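Here are my notes on the model you sent over.

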Amino acid sequence: MRQQVEIIGLIIAGAIIGALAKLVMPGKQAGGIIVTIILGILGVLIGYYLAAALGVAATSGIDWIRWIISIIVAVVLIAIYGAVTGRRSNV
């Protein structure tokens, strides 16, 4: 049961991080909602790993630094996705 809750939490966090990453990027980006969620999930996973590697300690509240790192990673992933699929953003 706990694992299911963690998976649901990861999907929700991925959707939020992916949406925030798309808001930060100028123009229109490639990919729909599913791609945004998947890239957001990857952003969360890689971002939290990078934060741990950089020595960012977990807090009892909101981990703003981890979220910012995750958003940056998701922005990079969305840009890479757009480059790989051949879809360019319209600035």
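1. A word on burial before anything else. I call a residue buried under 20% relative accessible area, exposed over 50%, and partly exposed in between, using a 1.4 Å probe and protein chains only. By that cut-off, helix 2 has Thr 36, Ile 37, Leu 39, Gly 40, Ile 41, Gly 43, Val 44, Gly 47 and Ala 51 buried.

2. Ground rules. This is a predicted model, where local features need pLDDT of at least 70 and side-chain atom pairs count only at pLDDT 80 or more, while totals for chains, interfaces and linings use all residues. Residues are numbered from 1 along each chain as its sequence is written, and side-chain values use heavy atoms, with hydrogens and water left out.

3. Overall layout. You're looking at three helices and zero strands, in the order α-α-α along the sequence. The radius of gyration is 14 Å, close to the 12 Å that the globule rule gives for 91 residues, so the protein is as compact as a globular protein of that length. (Helices are DSSP runs of H or I with at least four residues, strands are E runs of at least two, and both are numbered from the N terminus; the radius is taken over C-alpha atoms, and the rule is 2.2 Å times the number of residues to the power 0.38.) Along its principal axes, the C-alpha trace spans about 40 × 30 × 20 Å.

4. Surface and contacts. Of the 91 residues, 31% count as buried. The accessible surface comes to about 6,000 Å², and 72% of it belongs to carbon and sulfur atoms; the areas are from the Shrake-Rupley method with a 1.4 Å probe, and for residues only the protein chains shown count as cover. Taking contact as heavy atoms within 4.5 Å, residues 24 or more positions apart make up 66% of the contacts with a separation of 6 or more.

5. Helix 1. (The expected span is 1.5 Å times one less than the number of residues.) Ala 13, Gly 14, Ile 17, Gly 18, Ala 21 and Lys 22 are buried here, and their cover includes helix 2 and helix 3. A reminder for reading such lists: an α-helix has 3.6 residues a turn, so residues three or four places apart point the same way.

6. Where do helix 1 and helix 2 meet? On the helix 1 side the residues are Leu 10, Ile 11, Ala 13, Gly 14, Ala 15, Ile 17, Gly 18, Ala 19 and Lys 22, and on the helix 2 side Thr 36, Ile 37, Gly 40, Ile 41, Val 44 and Leu 45. The axes are 7 Å apart and the packing angle is about 100°. The two helices are therefore roughly perpendicular, a label that covers 65 to 115 degrees; under 35 is roughly parallel, over 145 roughly antiparallel, and the rest oblique. Axes are lines fitted to C-alpha atoms, for helices over the stretch in contact, with angles from 0 to 180 degrees between N-to-C directions.

7. Is Gly 18 buried or exposed? This helix 1 residue is buried, at 0% relative accessibility. Leaving aside neighbours within four places in sequence, Gly 18 contacts Thr 36, Gly 40 and Ile 78. Its C-alpha is 6.2 Å from that of Ala 74, 56 residues away along the chain. Leu 20, also in helix 1, is partly exposed at 33%, and its C-alpha is separated from that of Ala 74 by 8.8 Å.

8. Helix 2. The 21 residues reach 30 Å from first C-alpha to last, close to the 30 Å expected. Helix 1 and helix 3 are among what covers its buried residues. Tyr 48 sits in this helix and is partly exposed, at 29%. Not counting residues up to four places away, Tyr 48 touches Arg 66, Trp 67 and Ser 70. After the helix comes Gly 55, with a positive phi near 85°.

9. Helix 3. Residues 64-85 make a 22-residue helix reaching 31 Å, close to the expected 32 Å. Arg 66, Ile 69, Ser 70, Ile 71, Val 73, Ala 74, Leu 77, Ile 78 and Gly 82 are buried, and their cover includes helix 1 (2-24) and helix 2 (33-53). Gly 86 follows, with a positive phi near 80°.
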